[in-house]
Protein chains: 2
Amino acid sequence: VQIEIINTGSELMLGRVLNTHQQWLCRQLADLGYTVTRQTAISDEAPQIQNVVREALARADLIVVTGGLGPTSDDRTRELVAELAGAELVCDDEVLRRITEFFTSRKRPMPESTKVQALVPRGAQVLMNAHGTAPGLVMEIPAEKFRPAPTLLVMLPGPPRELRPMFTAQVVPLLQTKLPCESEFVCRTLKTTGLGESRVEEIIAPELKHLTDAGLELGYCARIGEVDVRFVGRGCGAQQNVAEAESIVRRLIGDRVFGVDDEQLETVIVRLLTERKQMLALAESCTGGWIANRITNVPGASAIFWGGAVSYANDAKLKFLGVQEQTLATHGAVSEETAREMAEGARRASGADYAVSVTGIAGPSGGSDGKPVGTVFIGLADGTRSRAYKFLNRYDRETFKYVTSQQALEILRRALVAGTQPALT
Amino acid sequence: VQIEIINTGSELMLGRVLNTHQQWLCRQLADLGYTVTRQTAISDEAPQIQNVVREALARADLIVVTGGLGPTSDDRTRELVAELAGAELVCDDEVLRRITEFFTSRKRPMPESTKVQALVPRGAQVLMNAHGTAPGLVMEIPAEKFRPAPTLLVMLPGPPRELRPMFTAQVVPLLQTKLPCESEFVCRTLKTTGLGESRVEEIIAPELKHLTDAGLELGYCARIGEVDVRFVGRGCGAQQNVAEAESIVRRLIGDRVFGVDDEQLETVIVRLLTERKQMLALAESCTGGWIANRITNVPGASAIFWGGAVSYANDAKLKFLGVQEQTLATHGAVSEETAREMAEGARRASGADYAVSVTGIAGPSGGSDGKPVGTVFIGLADGTRSRAYKFLNRYDRETFKYVTSQQALEILRRALVAGTQPALT
């Protein structure tokens with residue numbers, strides 16, 4: 001099955017907006033066993049849209065077009081695709097009724113332009129929009145029109161909170177009827193930390209050779225402080241081959257594997273603390289709430305997360321965490337001593353089993369010779385003692401916060417897994 | 001100038017990784033006056049890569065290919081593009097020396113496979129990699145080989161922290177020499193809140209007609225609780241037309257415009273507080289540090305941000321913020337009263353000019369009949385009084401946190417701009 005995604009929007013081509021549809025749609029389709037073969041983004045200009053859709057119609061069994069179904073003058077997908085397919089646009093009364101109802105129920109005036117969203121290419125199936133006004137559209141392009149086989153052409157509205165539920169509730173059942181997926185598909189990602197990409201391959205690839213020779217796909221993705229190892233198996237035996245590959249990699253570098261698939265470090269932390277019925281408190285300075293934010297993104301975090309202080313100013317370190325003025329004066333806010341007192345203070349205030357603290361210089365300014373921009377101390381306190389770890393994270397401000405939060409969570413993870421404090425550099 | 005971006009990577013097509021290269025490269029190019037005409041993503045499979053690059057070579061003046069230059073077996077862009085262009089791969093001694101040096105300086109063993117990164121298509125220009133081992137490559141494909149005109153083909157490594165500085169430091173100067181941009185280009189985005197997309201168009205489009213008739217591009221992008229209005233002007237008079245369009249829109253809906261271009265609400269808040277020499281403190285429950293994180297993403301935030309409490313557990317609300325046990329018992333943690341006491345407590349502890357508090361039910365569990373999932377109270381305290389605003393944000397957990405943080409920052413922005421507390425629903 002050849003599948004193509006086409007994302008329309010001049011804002012994409014001008015780099016004003018991040019295209020999240022590609023990943024989301026590819027992921028949903030992959031989990032159903034379909035692999036997207038090509039994704040294309042183009043502007044809202046008419047010739048562009050028609051050219052790209054025409055090319056895809058010559059290749060694909062399924063085309064998903066996103067964007068350009070709204071009410072404004074730059075929303076042109078509907079009319080351009082209808083023209084390409086030779087289908088007249090007709091007003092769909094049910095859609096018009098729903099659009100009117102949308103505005104009535106919100107007590108807002110209904111702009112005339114919104115009515116264009118009720119126009120539907122003759123013969124197209126309408127996907128009602130539960131979260132907005134623009135419906136989705138499905139056209140079945142017959143065989144021999146653009147290529148020997150027929151093509152299913154799905155148009156979805158651009159806003160993610162309209163597109164996603166529409167895809168899940170309405171497009172997926174349609175696909176399973178119209179383009180049933182016959183082959184087994186298994187994808188498994190092991191997330192590792194602490195080894196470079198080529199070193200990971202050097203260790204694991206020879207031991208996986210019998211599986212890759214037999215058709216298992218093995219992929220690597222280097223991220224900041226992290227290497228993902230990905231297995232993809234298809235067809236008969238896929239499940240078993242992927243499971244065998246995973247167990248081989250775990251035997252070779254298991255201590256480096258911190259999670260699987262979409263599992264983030266924060267998910268692992270919440271799981272480990274939940275299993276142990278333990279609580280966590282945080283004391284963040286330079287990460288500014290990023291770690292607390294990551295932890296609280298995980299459903300169920302309230303069972304293990306007491307809370308924390310974002311002690312950005314020195315005064316906040318004194319008032320919320322009981323850091324000694326003397327410590328700040330002697331060693332500075334960015335020091336091993338302050339990091340330890342912050343962690344101890346958070347643990348004392350909360351009574352939590354663990355407290356993690358972070359203090360450092362995110363930059364771009366604030367560095368000095370002895371403590372350059374990027375200097376970070378991460379503290380960890382448990383019931384018996386505290387310790388601080390020093391890092392130098394020379395990145396832009398947001399990457400700095402991300403990398404530092406990864407290090408802090410990994411220190412905690414290792415402490416939880418080992419039951420002891422980790423030796424990290 | 002026709003420009004195409006090609007992103008390679010099976011992880012993209014399986015939806016395992018978000019493609020951030022598209023936006024970043026499109027944005028950099030747009031700011032230099034170049035508009036990307038097409039972006040395509042494909043897997044690491046050989047026929048796919050060669051087909052897509054071949055098609056682009058028949059159309060584009062400039063092609064930027066990302067990914068597939070690393071050391072692992074799924075990195076195949078180098079050899080596949082060389083084969084397509086009919087160029088032999090030869091070892092570049094300087095690149096090999098740098099790769100060796102990369103491992104030596106880090107005291108890590110150098111895996112044999114990393115040497116493949118020193119292979120360069122004969123005649124290609126090498127872009128040294130300051131942050132990794134894989135160099136970038138530039139090939140000049142002569143006229144008449146794939147189309148009448150020549151094509152500049154740039155290959156960049158996949159990791160963003162290698163690609164970005166390489167593009168800025170090495171590709172941009174090359175473009176300005178090889179493909180100088182002659183036409184003026186101005187892009188301006190006004191970020192609005194509080195009106196729907198079609199309502200915005202209804203108000204502004206008629207008044208902008210003389211400019212759009214004269215060639216000004218006008219675009220809209222609906223986001224959660226936000227509509228972006230985008231003007232693009234090209235050629236002679238672009239600057240002036242865009243400025244006129246902006247002043248018309250500000251006259252019509254200026255109170256709805258909270259920022260321009262990439263400006264986020266947090267940037268505006270930091271700017272406004274810095275101008276006023278005022279300080280902010282936060283008391284976050286359900287947003288879990290997300291607002292503090294947004295504020296501290298802005299360089300210079302330390303001048304205006306005292307800090308805050310992530311008072312997730314009730315105990316943290318008592319200890320850090322001095323919320324009364326009686327208030328929690330009578331009204332509950334998610335209530336107008338608790339929100340006000342949280343804001344007052346944060347202001348009292350910090351002595352800051354403003355304190356913002358948030359308490360609510362992010363879900364998926366924790367709701368009740370009287371307080372369904374999505375219920376939020378946002379408190380604002382200044383030197384004289386406090387007030388709380390109620391919202392119902394029925395979204396998934398992360399969207400809930402985002403929307404709530406937008407509302408909290410917008411409440412603060414309006415208070416700062418008006419000098420009084422806003423009347424919001």
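With 32% relative accessibility, Cys181(B) falls in the partly exposed class (buried is under 20% relative accessible area, exposed is over 50%, and partly exposed lies in between, using a 1.4 Å probe and protein chains only). The closest cysteine sulfur to that of Cys181(B) belongs to Cys187(B), and at 14 Å it's too far for a bond. Cys91(B) is partly exposed too, at 42%. Searching the whole structure turns up zero disulfides over all chains, a disulfide being a pair of cysteine sulfur atoms within 2.5 Å.

A word on the basis: this is a predicted model, where local features need pLDDT of at least 70, side-chain atom pairs count only at pLDDT 80 or more, and totals for chains, interfaces and linings use all residues. Residues are numbered from 1 along each chain as its sequence is written, chains are lettered from A in the order in which they are written, and side-chain values use heavy atoms, with hydrogens and water left out.

Now for the interface. Some 91 residues of chain A are in contact with 91 residues of chain B, contact meaning heavy atoms within 4.5 Å. Together the two chains bury about 7700 Å², with 52% of that on carbon and sulfur atoms; buried area is the accessible area (1.4 Å probe) that two parts lose on being put together, summed over both. Arg16(A), Trp306(A) and Phe320(A) provide 10% of the area chain A buries against chain B, more than any other three residues.

Eight salt bridges cross the interface of chain A and chain B, each needing a side-chain nitrogen of Lys or Arg within 4 Å of a carboxyl oxygen of Asp or Glu. Glu55(A) pairs with Arg59(B) in a salt bridge, with the closest N and O atoms 4.0 Å apart.

As for packing within chain A, Ile295(A) touches Glu266(A), Ile269(A), Val270(A), Leu280(A), Ala301(A), Ile304(A), Phe305(A) and Leu409(A), leaving aside residues up to four places away in sequence.
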